[in-house]
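I opened this entry to keep a record of what I looked up, in the order in which I looked it up. The structure comes first, and my notes come after it.

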Amino acid sequence: MENELLREKVQNIIQLPALPTIALEVASLIDNPKTSVAKLTNVISTDQVLTAKVLKIANSPFYGFQRKISTLDFAIMVLGFDSLKEILLSISLINAFRKRQDKRFDSREFWKHSLATGIGARTIARQLGYRISGESFVAGLLHDIGILVTYQYFHDDFIRIVDAVREGKSTFQDMEKAVLLATHAEIGGWLAERWNLPDQLTEAIRFHHRPELAEKNPQLAALVHFVDFLCHKVGVGALSYETSKEYDPNALKLLGVPEDELTQAFYDSFGSKLREDLDRTFVGI
Ligand SMILES: [Fe+2]
Ligand SMILES: [Fe+2]
């Protein structure tokens, strides 16, 4: 019952960012088969800051182009519409939730962790030939969005939770349950519902710590779960309180791929430079 109240509270937060409009506008253009590169270039280039950010990410190691990409139409051509959609969604979300740094919440580190999980999930999904590669980026990007909601809208509760975890009194998720009566995974799921995200995405967010509970697409939830663990393992996203130091072996059963193969796919794509690459790419985004 109280949990229901919190759900209502989360979904009715007035200031809760709507899914940013430019991202939606571009996403619907991209989904329209009649949209040309020229049309997209026109829409994006009306925003110079956005254009500069797209170019910066297009030239990052995550897209691996040897030649420098200096114009928007060339960026759109070589990146493809799907990657462009990912980039725009990331930029819009980071901006929508931009908050100043706080000693208990390092938002830069949070976004680095989110992006790394998105990029990692997408890369592994492609390598393994899953049909979920587009969704896997967004699922990874948004998996911990509930933490951000708690930090911004239930600030006092957030402080209580983090302080107790830091003092070694409890784990993050146990404290969330004790203080909020819901975890960031559930809260993120509610936000995803409010944003009308597809069911399998909502579910991957809601069950990223318990992928076996997913029904629509357990593989997607399992992939995010495991990549989240890998990101923490390589130290991306030093959210000192939420460490995901362990993974659920059942997630690997859902994925049908052994741990070493998945880990190798992750390392092959990022090597040891993931942190530096993220730092360089996202400073100023
Ligand atoms: Fe999480
Ligand atoms: Fe995470």
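**Ground rules.** I am working with a predicted model, in which local features need pLDDT of at least 70, side-chain atom pairs count only at pLDDT 80 or more, and totals for chains, interfaces and linings use all residues. Residues are numbered from 1 along each chain as its sequence is written, while chains are lettered from A and ligands numbered from 1 in the order in which they are written.

**Whole chain.** I looked up the secondary structure and found 17 helices and zero strands, where helices (H or I, at least four residues) and strands (E, at least two) are DSSP runs numbered from the N terminus. Of the 285 residues, 41% count as buried; a residue is buried if 20 or more other C-beta atoms, placed from the backbone, lie within 10 Å of its own, exposed if 12 or fewer, and partly exposed in between. I also noted that, among contacts between residues at least 6 apart in sequence, 60% join residues at least 24 apart, a contact being two residues whose C-beta atoms, placed from the backbone, lie within 7 Å.

How do the axes of α7 and α14 cross? The axes of α7 (residues 107–127) and α14 (residues 218–233) come within 9 Å and cross at roughly 125 degrees, with axes being lines fitted to C-alpha atoms, for helices over the stretch in contact, and angles running from 0 to 180 degrees between N-to-C directions. The two helices are therefore oblique to each other, since angles under 35 degrees count as roughly parallel, over 145 as roughly antiparallel, 65 to 115 as roughly perpendicular and the rest as oblique. The residues of α7 that meet α14 include His 113, Gly 120 and Ile 124, and among those on the α14 side are Val 227 and Leu 230.

**Phe 266.** I then turned to Phe 266, found in helix α16 (residues 259–270), which counts as buried because 24 C-beta neighbours lie inside 10 Å. Leaving out residues up to four places away in sequence, Phe 266 touches Gly 120, Ile 124, Val 227 and Leu 230. Phe 266 and Leu 230 are 36 residues apart in sequence and 8.0 Å apart in space, C-alpha to C-alpha.

**Helices α9 and α12.** I found α9 (residues 145–153) and α12 (residues 184–194) packed at an angle of about 95 degrees, with their axes 7 Å apart, which makes α9 roughly perpendicular to α12. Among the residues meeting there are Ile 147 and Val 149 in α9, and Ile 187 and Leu 191 in α12.

Leu 181, in the loop between α11 (172–180) and α12, has a positive phi of about 70 degrees although it is not a glycine. Asn 196, in the loop between α12 and α13 (199–206), is likewise not a glycine and has a positive phi of about 55 degrees. Leu 181 is partly exposed, with 15 other C-beta atoms within 10 Å, and Asn 196 is exposed, with 8.
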